[in-house]
Amino acid sequence: MKELFLLEPDVVFLNHGSFGATPKQVFEAYQQYQLQLERQPVRFFVNEASGLMDISRRKLADFLGTNHTNLALISNATTAVNTIARSLHLTNNDEVLSCSHEYGALTRMWNILSEKQGFTYREHLIDYYLESENQFIERFWADVRKETKVIFLSHITSPSAIVLPIAEICKRARAAGILTIIDGAHAPGQIPLNLDDLNCDYYTGNCHKWLLSAKGSAFMYVSDDRIQATEPLVISWGKTQNMTGTTLLSSEIEYQGTRDIAALLSIGDAVDFYRTNNWSQKLNANRHLLYKVRTLFGNLFNTPPIADQLFMPMMYAQYLPESVNPQMLKQTLLEKYNIEIPVTTIGYRNLIRVSVQAYTNETDIHTFETALNNIFHRIVKK
């Protein structure tokens, strides 16, 4: 399976979750779009670009279970959340409620915006073992206050790799008149999605991770009743151009003047690759490797798991013992064993996170197990 990708064959790549990996077939399509642009730039931008973007957007919308008019293609989920947050015009009477397992860059964004605009940004503290969806829902909802105007949650948390039960949160929020922004950076291609069924106000996801498109390709979903209020980060010609194949949302968000849109166009090719190769089945066929990793961590670390297996996507993370130097561990795994894997942080605690893709195999996990056993045997021996 790994031969379908451009990954170095001798690297044990257990970090698909950070930036993804693109199949050769999709990458070649991506390069063809770049060549198409360069061979006749005027024709491409004036006559071809909007139609090609429309094809990519429609294929993605069908894959995500929504209408193409509710989607805009964008470079990454962080840019999308910035776009949404700056469209809300929150004041000092408002509160954004999130949780303590959010992606660091976006936590930073909310903190900076709250300082500038005067609203409150607050995090629900997950310092407990997640044993059921209802437990999380009730504990999180108990943190909602009358000032809460926006709920911002990840669908799959980046550092801790847990699937949050956002559907019920979105349902309750809509009934309470609270806006919901869901960061689904890791979700498309990793777990099934039907955006219309989620009933959220905003949803964003990366396509260059688990959906396998070229780097720098993502989307922003906006519900019908929020499209008019959603403003672009970059104001350009927008809807005044009246380009074929654009919608009100896509014309304002997508068009930013001269730029390379090849990665966005590759989304449609990635959807085709994913479906033609029954990628979801291939991916889930490797779920047993995650259970091996979970058992391995349980045997080596004297730390509890973060959540029940109910919350586990195709990634698994666990807290590291406090005695372990996280950067030294990451460096040793890469330099001595050629294992690429992230070590992340939540608050003051360090985690190690494993991604299992369809190209991950038993040998990869065995190599990882051997490396950790060697490393932690030395730690225990000392």
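**Close-up views of a predicted model**

**View 1. Contacts of Ser114.** Apart from neighbours within four places in sequence, Ser114 touches Phe119 and Tyr121. The model shown here and in the other views is predicted. Ser114 lies in helix H5, which spans residues 104-117. Its relative accessibility is 11%, so Ser114 counts as buried, the cut-off for buried being under 20%.

**View 2. Packing of helix H2 against helix H10.** Helix H2 covers residues 24-39 and helix H10 covers residues 262-276. The axes of the two helices are 9 Å apart, and the angle between them is about 145°. The crossing of H2 past H10 is right-handed. On the H2 side, the contact is formed by Gln25, Val26, Ala29, Tyr30, Tyr33 and Gln34. H10 contributes Ala262, Ala263, Leu265, Ser266, Asp269, Ala270 and Phe273. Of the residues in this contact between H2 and H10, 9 are nonpolar, 3 are polar and 1 is charged.

**View 3. Surroundings of Ile341.** Ile341 sits in the loop that links strand S10 (339-340) and strand S11 (343-346). With a relative accessibility of 1%, Ile341 counts as buried. When neighbours within four places in sequence are set aside, the contacts of Ile341 include Leu14, Asn15, Lys330 and Leu333. Ile352, Arg353, Val354 and Phe368 are also in contact with Ile341.

**View 4. Ile341 and Arg287.** Along the chain, Ile341 and Arg287 are 54 residues apart. A distance of 18 Å separates their C-alpha atoms.

Technical notes: Residues numbered from 1 in each chain as written. Predicted model: local features only at pLDDT ≥ 70, side-chain atom pairs only at ≥ 80, totals over all residues. Heavy atoms only, no water. Axes fitted to C-alpha atoms, helices over the stretch in contact; angles between N-to-C directions. Helix = DSSP H or I, 4+ residues; strand = E, 2+ residues; numbered from the N terminus. Left-handed = near helix turned anticlockwise from the far one by under 90°. Contact = heavy atoms within 4.5 Å. Nonpolar A, V, L, I, M, F, W, Y, C, P; charged D, E, K, R; others polar. Buried < 20%, exposed > 50% of the residue type's maximum accessible area, 1.4 Å probe, protein only.
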